[in-house]
Amino acid sequence: MSSQALLYIIVIPMTWLAIRWFRTARTRQTILLLTSYLLYASWGLSFLGLLVISSIMNYFFGRLLRARQSASRLWLGILSNLMLLGAFKYVPELQPLLSHTQLAPAIAHVVLPIGISFWTFQALSYLFDTFGGGELEPSLLEFLLYMTFWPTVLSGPICRLSSLLPQFRSTENSSLKDAARGIDRICVGLFMVSLGEILANGLHLNDGLDHAFQISPSNFSGADVWCLAFGYGFELFFNFAGYSHIVIGSARIFGFELAENFAAPYLSSTPSEFWTRWHMSLSFWIRDYLFLPLAMVNRSKLWRNGALVISMLIFGLWHRGTVLLALWGTYHGVLLVLHRQWQELKRHLRWNFRGHVASLISWFATIVSICLGWIFFRSDGLAQALSLLRSLAELSTYSTVTLPHSLYRLIVVVAFGYLATMGIGRLISGRFQNVRIPLEVRFVLYSIAIYLGILHSAQTQGFAYFQF
Amino acid sequence: MKPMLIALRSILCLAIMVAVLEICARLDDTLSYGAPFWGAYNDESLYTTDAIGKWGKPNARYERWQLNSLGYRGPELRTGTIRIVCFGASETFGLYEAPDEEYPRQLERDLNRLANGPHFQVVNAAYAGETLTAAIRHVPRVVSQVYPSYALIYPSLAEYISIATRSSRPIPSNSAATWADWVGRLRIVSRLHNLLKRALPRAVQTKLQELQIKRDSANIPVIERVPQENVERFREDLTALIGALRNYEVEPVLVTHATAFGPNLSPGDRPLLTAWRKFYPMLKEDGFIDMEHRMNDVIRETAVREGVLLIDAADEIPPRPEYFADFVHFTTAGAGVMAAKLADGLRPIVFFRLQRETSVTSADRSPTSKGGASDVQPAVGNR
């Protein structure tokens, strides 16, 4: 646990109490904004300065757009945001190319402000919505709060002003039901984060995926690479989805309902479905503000497919400006195009694959292709990714296993445990909705979640998406 | 609901929480480290005590610290290697380094890399809190088990702060366990303590340490600097250890004590000094720096007087935060720098011996050789 986490634990209950004390929306917004600034400043005072500058800049771009909806004003806003994002996020990636220039020392000192990708995209969505005629008229205080809202500012979910503004303006107190639901979500999140941490570090020291990725990949067999790809897919899912649960739960305690970010993505039976269930706030952002406007430019099939690939390429680059993430995004773009073509072919030939077997095959093909993509996402460099893919392609390597058997067992247990839990959950959903869990049993579950998520995971390096 | 019922239910929930957290901590220890579910589990699990004193328990394990079948931290002994044994305390045993990254392990790797083969083995015979007098008592057993050719002595100087004032230390009570003792036995307490240690800002931690020092030093005499008689006692013990090793034909090598403090104290050093003083409240902060200077001078003088190789780690290891996890204990990177300095210092003598033994072994193999391989056995660990 970091100093920041301790600060959150101390400050958030105080803010919760303060908000219940004051009744006017404006006072509540001010308290929330001050809390958000305090918490964000704990990550770096200069980061806060940048966030405030970006917030004020975007508020005035919004006002300009409301005064006159011109494309040039919109582009000015977009470019300003992209320049800010680029200066901190993408220019440092060019350091190897600029190492012999006078810029090199300055670039070496650039530190990525935490959450910049998330709050920049929130600001852009506000500009797009305002340009599109959305009737959003936030006050400066409301807009500052929208940009800095403490649950979401670090790693999303990327919110829309249209969903948050009415909640910021509400003067209703959060109910005990909200608090209970929020605590439940936080505990589920802590549990998931701890599962991710167990996959990363293993049950024993140097027994997990993090250590495995440090081993020379040339020794890996094809089976090892599949193990790493699936294992990392689940590790990332538990880490990020767990974090999202914690964020959504924290906001819920205050009575705010945030958009969901994950919806059992590994149960998807097509790549398109996967992207409606994985990092939903970003994928919907890309769909609404990038893919759809691009696809509208030209109705040709080729252009639509091209727009899909471009959108996914930008999706990849949103994470970081590296070749590997560009390849990861492009891979998913191509996967979506292939899926689209396959559907068209099925329609054209009037093939009708339905039933459990077809669903199972479809699900399996999807999860395999998604996990294959994680090789690009996780690899430490292009050489490692290519080496892993080479091992995957060489059938002769499949006869041996280099990774410890305990890691295979761990990944199988966690993955199947999760899938089985989700499957059973779907089967019995509805039957136990009215069952009330006694408070004592809840405390047992909360305690397990606190142990796993806070005390056991205290040594972890934090949330994976903090780096983006 | 009646207020009494609410209170009772709240207490029950709290008790449930503590019980579940404790069960989780114990299960975690059992699954992760093979620790016993019941009973105590702490760093004392690594040691046993016999007539000679405290000693590493064979094959013991506590969290990431693993002892071999002889009770030394590190792997089992290999045959056919030149062995270097390390005497010292927690700095040598290793506290903050990643597993297998404490400086004796890194030194072994460095030497073998330089020798292009696994010719050397470095045996870590240190344990946390080991004094020179304890090391002297351990020499016969270490020699009989390890057959070392060289012994690195990296003494923990702070052990000599309390020698004169030992009598004034509070004597542990033998009375029945108090409520605080029972709470202290809960494994969840140490976890929460570690968690807070990591999470609390440095300034708050320093303030808490100052309060603890104030409380602990309330009833004991506080000294400005380590008395000269303690320094002389250190000199005597160091000389005695050198003598004991030489009696067994083990060549001692002295290493001065490195700390996280440079020649001039910076404001950032004060919290570190306070953290150090927490363990020795009887000595004022500046006394630690003075102690390091005076006792390192004793090590240098002893090396000259006894004709022992000296490696001046105190002078050569930069006092950078990336090398020290606290006031004296190394990080993995710091242990790496220490190992590199030691390898550099040891190189002339150990490689000379390696060459000599390689040539003797080659000569033994030649048809004209009259000597047997046993000639070199006492110097080369083979058991």
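Reader: Let's start with chain B. Of the contacts in chain B with a separation of 6 or more, what share comes from residues 24 or more positions apart?

Author: That share is 75% in chain B. Keep in mind that this is a predicted model.

Reader: Ok. How many helices and strands does chain B have?

Author: Chain B has 12 helices and nine strands. It runs to 383 residues, and 33% of them count as buried.

Reader: And how is chain B split into domains?

Author: The assignment gives domain 1 as 1–39 and domain 2 as 43–164 + 182–365. Taken over C-alpha atoms, the centres of domain 1 and domain 2 of chain B are 39 Å apart.

Reader: How many residues of each are in the contact?

Author: Seven from domain 1 of chain B and six from domain 2 of chain B. On the domain 1 side, that's three nonpolar, one polar and three charged residues.

Reader: What is it in contact with, leaving aside neighbours within four places in sequence?

Author: B:Ile317 then has contacts with B:Ala258, B:Tyr323, B:Val337, B:Met338 and B:Lys341. As for B:Arg187, which is 130 residues away along the chain, its C-alpha is 37 Å from that of B:Ile317.

Reader: Now the contact between the chains. How many residues does each one put in?

Author: Chain B puts in 20 residues and chain A 19. On the chain B side, α1 (3–33) and α6 (187–199) each supply at least two residues. α1(B) gives the most, with 12 residues.

Reader: Over to chain A. What are its domains?

Author: Domain 1 of chain A covers 3–97 + 107–173, and domain 2 covers 177–467. Their centres, over C-alpha atoms, are separated by 27 Å. The contact takes 24 residues from domain 1 and 24 residues from domain 2.

Reader: Which helices supply the domain 1 side?

Author: α1, α4 (71–90), α6 (116–131) and α8 (161–169) of chain A each supply at least two residues there. α6(A) gives the most, with five residues. By class, that side has 13 nonpolar, eight polar and three charged residues.

Reader: How do α1 and α2 of chain A pack?

Author: Helix α1 (residues 3–21) and helix α2 (residues 25–41) of chain A pack at about 175°, with axes 10 Å apart. They are therefore roughly antiparallel to each other. From α1(A) the contact residues are A:Leu7, A:Tyr8, A:Val11, A:Thr15, A:Ala18 and A:Ile19, while α2(A) brings A:Arg28, A:Ile31, A:Thr35, A:Leu38 and A:Leu39. Those divide into eight nonpolar, two polar and one charged.

Reader: Last one: how many residues does α11 of chain A have, and how many of them are buried?

Author: Helix α11 (residues 222–253) of chain A has 32 residues and reaches 46 Å from its first C-alpha to its last, close to the 46 Å expected. Of those 32 residues, 31 are buried, so α11(A) is largely enclosed by the rest of the structure. After α11(A) comes A:Gly255, with a positive phi near 90°.

Note on methods
Residues numbered from 1 in each chain as written. Chains lettered and ligands numbered in written order. Predicted model: local features only at pLDDT ≥ 70, side-chain atom pairs only at ≥ 80, totals over all residues. Axes fitted to C-alpha atoms, helices over the stretch in contact; angles between N-to-C directions. Helix = DSSP H or I, 4+ residues; strand = E, 2+ residues; numbered from the N terminus. Parallel < 35°, antiparallel > 145°, perpendicular 65-115°, else oblique. Contact = placed C-beta atoms within 7 Å. Nonpolar A, V, L, I, M, F, W, Y, C, P; charged D, E, K, R; others polar. Domains from an automatic or database assignment. Expected span 1.5 Å × (residues − 1). Buried ≥ 20, exposed ≤ 12 C-beta atoms within 10 Å, placed from the backbone.
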